[in-house]
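Q: I've got the model open and want a quick walk through the packing. Can we start with a term I'll need for the helix pairs?

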Amino acid sequence: MTQINRPFRPLGRPFRPRRHRFRRYPSRTVAAASALLIALTGCSSDGTAHSGASGKRHGPPAPVWRTDPGSIAALGDSITAGFDACTVLADCPRVSWATGTDPAVDSLARRLVEQPATHSWNFARTGALMSDLPEQVASATRRKPELVTVLIGANDACRNDVAAMTPEASFRDDFARSMRQLRRALPHTQVYVAAVPDLLRLWSEGRKNPLGKQVWKLGLCGSMLRDPDDLTKPAQDRRASVQDRVRAYNSALAEVCGKDPLCRFDRSVFDYRFTGRQLSTWDWFHPGARGQKELAELAFKVVTRAGR
């Protein structure tokens with residue numbers, strides 16, 4: 001009789017075949033392993049790109065400012081419309097600092113755009129307030145410009161009296177609304193925003209001309225220019241109130257523009273130390289052709305500046 005060899009097992013313990021078992025790891029161990037996997041693959045658990053050890057996230061590239069836009073749309077008030085720069089009480093867009101065609105001014109469009117006659121547009125309107133900017137934005141977006149220039153706000157401070165000046169909050173809200181409107185329509189268009197000019201300096205320079213003071217009596221910017229030779233404290237306080245409001249406007253422009261990576265605010269328009277030579281000989285208030293040329297030069301420096 002043949003003997004059969006069987007594996008030894010203790011008596012009373014039934015034989016069960018062995019099954020492969022998965023080992024349960026503590027949750028901390030699983031979390032550590034997941035973190036290591038994220039670091040090695042460069043992806044987070046939700047699929048977001050990650051750089052690993054550096055801790056920096058790789059999002060979409062930041063917008064890059066181009067110094068050679070192919071088209072320009074100008075928005076603003078009488079300054080950009082060239083009012084009183086050529087003849088009395090009339091717009092003169094050919095000498096506009098932004099889109100003018102006069103070689104003596106050498107506008108921003110002439111300096112930057114290869115075909116300024118067909119690829120630059122001026123939507124500025126004499127007398128425009130900041131509250132009118134959204135309407136101009138709507139007109140500009142139809143042209144799809146690569147650069148939009150904005151110079152507006154002097155009329156918000158130049159009222160018959162200081163009480164009629166546009167409140168700072170309203171000014172800010174209207175500008176922010178205009179920027180949102182522009183950005184929704186043209187997400188990649190660049191925006192150049194010029195500061196509201198120094199109206200107190202305008203008073204101090206323009207009052208040197210006797211004819212200019214006579215023109216001012218017609219009611220031009222009464223909040224600042226009324227009674228230009230009155231140096232009493234109430235008159236000085238009135239002018240200081242206007243200047244404070246202009247500074248507040250410029251702070252609002254800088255803040256709103258600063259939140260947009262494709263917007264540049266130009267404070268130099270306020271800081272520029274202009275003289276009577278840059279003022280219109282018709283009203284000693286608006287820029288003349290020389291003043292328009294200086295504005296074009298200031299804007300060109302900012303638009304073509306390297307970096308932010």
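A: Start with handedness. A crossing is left-handed if the near helix is turned anticlockwise from the far one by less than a right angle, and right-handed if clockwise.

Q: OK. What should I know about the model itself?
A: It is a predicted model: local features need pLDDT of at least 70 and side-chain atom pairs pLDDT 80 or more, while totals for chains, interfaces and linings use all residues. Numbering runs from 1 along each chain as its sequence is written, and side-chain values use heavy atoms, without hydrogens or water.

Q: How many helices and strands does the protein have?
A: There are 13 helices and five strands. Both are DSSP runs, numbered from the N terminus: helices are H or I with at least four residues, strands are E with at least two.

Q: How much of the protein is buried?
A: Of the 308 residues, 44% are buried. Buried means under 20% relative accessible area, exposed over 50%, and partly exposed in between, with a 1.4 Å probe and protein chains only.

Q: And the contacts? What share comes from residues 24 or more positions apart?
A: They account for 72% of the contacts with a separation of 6 or more. Contact here is heavy atoms within 4.5 Å.

Q: Now the helix pairs. How do the axes of α7 and α11 cross?
A: Helix α7 covers residues 168–185 and helix α11 covers 233–258. Their axes come within 9 Å and cross at roughly 30°, which means α7 is roughly parallel to α11. The crossing is right-handed.

Q: How are axes and angle classes set?
A: Axes are lines fitted to C-alpha atoms, for helices over the stretch in contact, and angles run from 0 to 180 degrees between N-to-C directions. Under 35 degrees counts as roughly parallel, over 145 as roughly antiparallel, 65 to 115 as roughly perpendicular, and the rest as oblique.

Q: Back to that pair. Which residues of α7 and α11 make the contact?
A: On α7, Glu168, Phe171, Arg172, Phe175, Ala176 and Met179. On α11, Arg245, Ala248, Tyr249, Ala252, Leu253, Glu255, Val256 and Cys257. Ala, Val, Leu, Ile, Met, Phe, Trp, Tyr, Cys and Pro count as nonpolar, Asp, Glu, Lys and Arg as charged, and the others, Gly among them, as polar.

Q: What about α5 against α7? At what angle do they pack?
A: About 15°, with the axes 9 Å apart; α5 is residues 133–141. That makes α5 roughly parallel to α7. Here, too, the crossing is right-handed. From α5, the contact uses Leu133, Pro134, Val137, Ala138 and Thr141. From α7 come Asp174, Phe175, Arg177, Ser178, Gln181, Leu182 and Ala185. This contact has seven nonpolar, three polar and two charged residues.

Q: Switching to α8. How many of its residues are buried?
A: Six of eight, so helix α8 (199–206) is mostly covered. The buried ones are Leu199, Arg201, Leu202, Trp203, Glu205 and Gly206.

Q: What covers them?
A: The cover includes α6 (154–157), α9 (210–216), α10 (222–225) and α11.

Q: How do α8 and α11 cross?
A: Their axes come within 8 Å and cross at roughly 135°. They are therefore oblique to each other. Leu199, Leu200 and Trp203 of α8 meet Gln236, Arg239, Val242, Gln243 and Val246 of α11.

Q: What does Asp198 do at the start of α8?
A: A side-chain oxygen of Asp198 comes within 3.1 Å of the backbone nitrogen of Leu200. A polar contact is an N or O pair within 3.5 Å; within protein, one atom must be able to donate a hydrogen and the other to accept it, and sequence-adjacent residues count only if both atoms are side-chain atoms.

Q: Next, Gln190. Buried or exposed?
A: Gln190 counts as buried because its relative accessibility is 4%. It lies in strand β4 (190–194). A polar atom of its side chain is 2.5 Å from the backbone nitrogen of Arg66.

Q: Last one: where is His286?
A: In the loop between α12 (268–271) and α13 (289–303). His286 is buried, at 5% relative accessibility. Its C-alpha atom is 9.9 Å from that of Thr80, 206 residues away along the chain. Beyond neighbours within four places in sequence, His286 contacts Ser78, Ile79, Phe83, Asp84, Gln278, Leu279 and Ser280.
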